[in-house]
Structures are given as C-alpha cells and as structure tokens.
Amino acid sequence: MAAHQYDVIVVGARCAGSPTAMLLARRGYRVLLVDRATFPSDTISTHVIHPTGIAALNRWGLLDQLLSTGCPPVGTYAFDFGPFTIAGSPGTDDSPVAYAPRRTVLDKLLVGAAAAAGAEVRGIHRPGHPHRRWPGNRHPRSRPGRPGRL
Ligand SMILES: Cc1cc2nc3c(=O)[nH]c(=O)nc-3n(C[C@H](O)[C@H](O)[C@H](O)COP(=O)(O)OP(=O)(O)OC[C@H]3O[C@@H](n4cnc5c(N)ncnc54)[C@H](O)[C@@H]3O)c2cc1C
C-alpha cells in the first residue's frame with residue numbers, strides 16, 4: 001500500500017511537468033508523474049528554448065545531455081513581421097545562446113531526468129482505449145521500487 005502513496009502527483013510530463021517532478025523528487029518528495037501521451041512524441045510548438053531556459057537546464061545539470069544530441073546554438077533571432085523585423089541577441093553573459101531541440105528530444109530528456117531523480121513515471125490507461133504503455137524501458141538510474149518508464 002505504501003508504494004502507492006505520493007506527496008505529489010504531477011499531471012503532464014512535458015517541459016513544465018517533468019522539471020517540476022524532477023525538482024520535487026530531488027528534494028526527497030515521493031512524486032508520481034503521469035501523462036496520457038507517450039514519449040518520445042511531438043506536440044504543437046516550435047522549439048526555441050530561450051537563454052533563460054537554457055540557464056535553467058544548466059542549473060539542473062541537464063545542459064550537457066541536450067548538447068550531446070548535437071543541437072546547434074542560436075545566437076541571434078530575427079522576427080520578421082513583414083513590414084518590419086525585430087532582430088537581436090537575447091542572451092546574457094551567463095547564458096549567451098538559445099537552443100531549438102525538437103520536442104521529441106527535449107521532452108524525452110526531461111521525463112528521463114524526472115525518472116532519474118526518483119519520480120515514478122506512468123502513462124495513463126483510458127477506458128475503451130488500448131493500454132498505452134510508454135516503451136517499457138526502465139530508466140537505468142530509477143530507484144528500486146520506483147519504475148521510471150520512458
Ligand atoms: C505554435 C506554438 C509555438 C510555440 N513556440 C514556442 C517556442 O518557440 N519557445 C517556447 O518557449 N515556447 C513556445 N510555445 C509555448 C510552449 O510550447 C508551451 O508554453 C509549453 O509547451 C507548455 O508546456 P507544458 O509542459 O505546460 O504543456 P504541454 O507541452 O502542452 O504538455 C502538457 C502535457 O500534459 C498532458 N496532459 C494534459 N492534460 C492531461 C490529462 N488530463 N491527463 C494526462 N495528461 C494530460 C498532455 O498529454 C501533454 O503531454 C509555443 C506554443 C505553440 C502553440
């Protein structure tokens with residue numbers, strides 16, 4: 001019974017939910033992270049992680065994982081509105097560039113980090129639908145008794 005008790009249940013395992021679950025699990029909370037989507041999967045979004053977001057990934061120790069995917073840095077932006085364009089370099093001294101990984105890459109990385117931190121990560125079974133299990137690879141660093149499924 002105790003294995004099914006959580007301090008926090010986070011619904012949604014993409015760029016908001018997974019880091020939330022990861023940070024709470026790192027602080028020792030018992031966290032369940034659920035999503036009706038499977039991972040890796042895409043979602044409606046473009047891909048730019050602005051420099052402040054990159055600073056957060058760095059703080060959390062995840063930036064090297066992102067860079068190891070070969071994602072190139074973006075130093076300057078240009079938003080072309082037709083009659084005029086806004087262009088510039090939005091980085092800071094500490095975090096000078098943006099990156100634009102595909103969500104299939106980013107979200108999988110984040111959900112993996114939540115699992116590695118000890119959050120239990122689960123898909124959701126919807127009645128009437130075939131049981132959608134995320135590919136059943138237990139994360140190698142998930143805690144015993146806390147299966148992280150990616
Ligand atoms: C066209 C477009 C372009 C964008 N471009 C950028 C950009 O370049 N840079 C940027 O920073 N932001 C961008 N955004 C915004 C960014 O995509 C969102 O802010 C971000 O995806 C929100 O993250 P999230 O984790 O809160 O939600 P989502 O990424 O939407 O994830 C929510 C998750 O929750 C799950 N979920 C929801 N309800 C339930 C439920 N009841 N049960 C189980 N699971 C559930 C869903 O399956 C989903 O996986 C863009 C958005 C759009 C639409």
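**A close look at the ligand shell, the sheet and its helix**

Mentor: Let's begin at the ligand: the residues in the shell around the ligand comprise eight nonpolar, six polar and three charged. Here Ala, Val, Leu, Ile, Met, Phe, Trp, Tyr, Cys and Pro count as nonpolar, Asp, Glu, Lys and Arg as charged, and the others, Gly among them, as polar. The shell holds 17 residues, and the closest are Gly 12, Arg 14, Ala 16, Ser 45 and Val 48; a residue is near the ligand if its C-beta atom, placed from the backbone, lies within 6 Å of it.

Please keep in mind that this is a predicted model, where local features need pLDDT of at least 70 and side-chain atom pairs count only at pLDDT 80 or more, while totals for chains, interfaces and linings use all residues. Residues are numbered from 1 along each chain as its sequence is written. The protein chain averages a pLDDT (the predictor's confidence in each residue, from 0 to 100) of 86, and 81% of the residues score at least 70. Over residues 135-150, pLDDT stays under 50.

Now for the overall plan. The protein chain has four helices and seven strands, which are DSSP runs numbered from the N terminus (helices H or I, at least four residues; strands E, at least two). From the N terminus on, their order is β-α-β-α-α-β-β-β-β-α-β.

Three of the strands form an open sheet in the order β1-β2-β7, with parallel pairing. Its edge strands are β1 (8-11) and β7 (120-123), each pairing on one side only, and the twist averages 20 degrees from one strand to the next. Two strands pair if DSSP finds at least two bridges between them; β1 and β2 (residues 31-35) are joined over four bridges in the parallel sense. Val 11 is found opposite Val 34 in β2.

Helix α1 (residues 17-26) packs on this sheet, touching β1 and β2, and its direction makes about 170 degrees with that of β2. Such angles run from 0 to 180 degrees between N-to-C directions, with axes fitted as lines to C-alpha atoms, for helices over the stretch in contact.

Is α1 mostly covered or mostly open? The helix is mostly covered, with seven of its ten residues buried. A residue is buried if 20 or more other C-beta atoms lie within 10 Å of its own, exposed if 12 or fewer, and partly exposed in between, with C-beta atoms placed from the backbone. In α1 the buried residues are Gly 17, Ser 18, Pro 19, Ala 21, Met 22, Leu 24 and Ala 25. Their cover includes β1, β2 and α4 (103-116). Just after the helix, Gly 28 takes a positive phi of about 95 degrees.

For contrast, consider another helix: Ala 55 belongs to α2 (residues 51-59). Ala 55 counts as partly exposed because it has 16 C-beta neighbours inside 10 Å. Beyond its neighbours within four places in sequence, Ala 55 is in contact with Asp 94 and Ser 95, contact being C-beta atoms, placed from the backbone, within 7 Å.

Finally, here is a pairing in the antiparallel sense: β4 (residues 77-80) and β5 (residues 85-88) pair that way over four bridges. In β5, Ile 86 is the bridge partner of Phe 79. The two strands form a hairpin with four residues between them, and Gly 82 in the turn has a positive phi of about 95 degrees.

Terms used
Contact = placed C-beta atoms within 7 Å.
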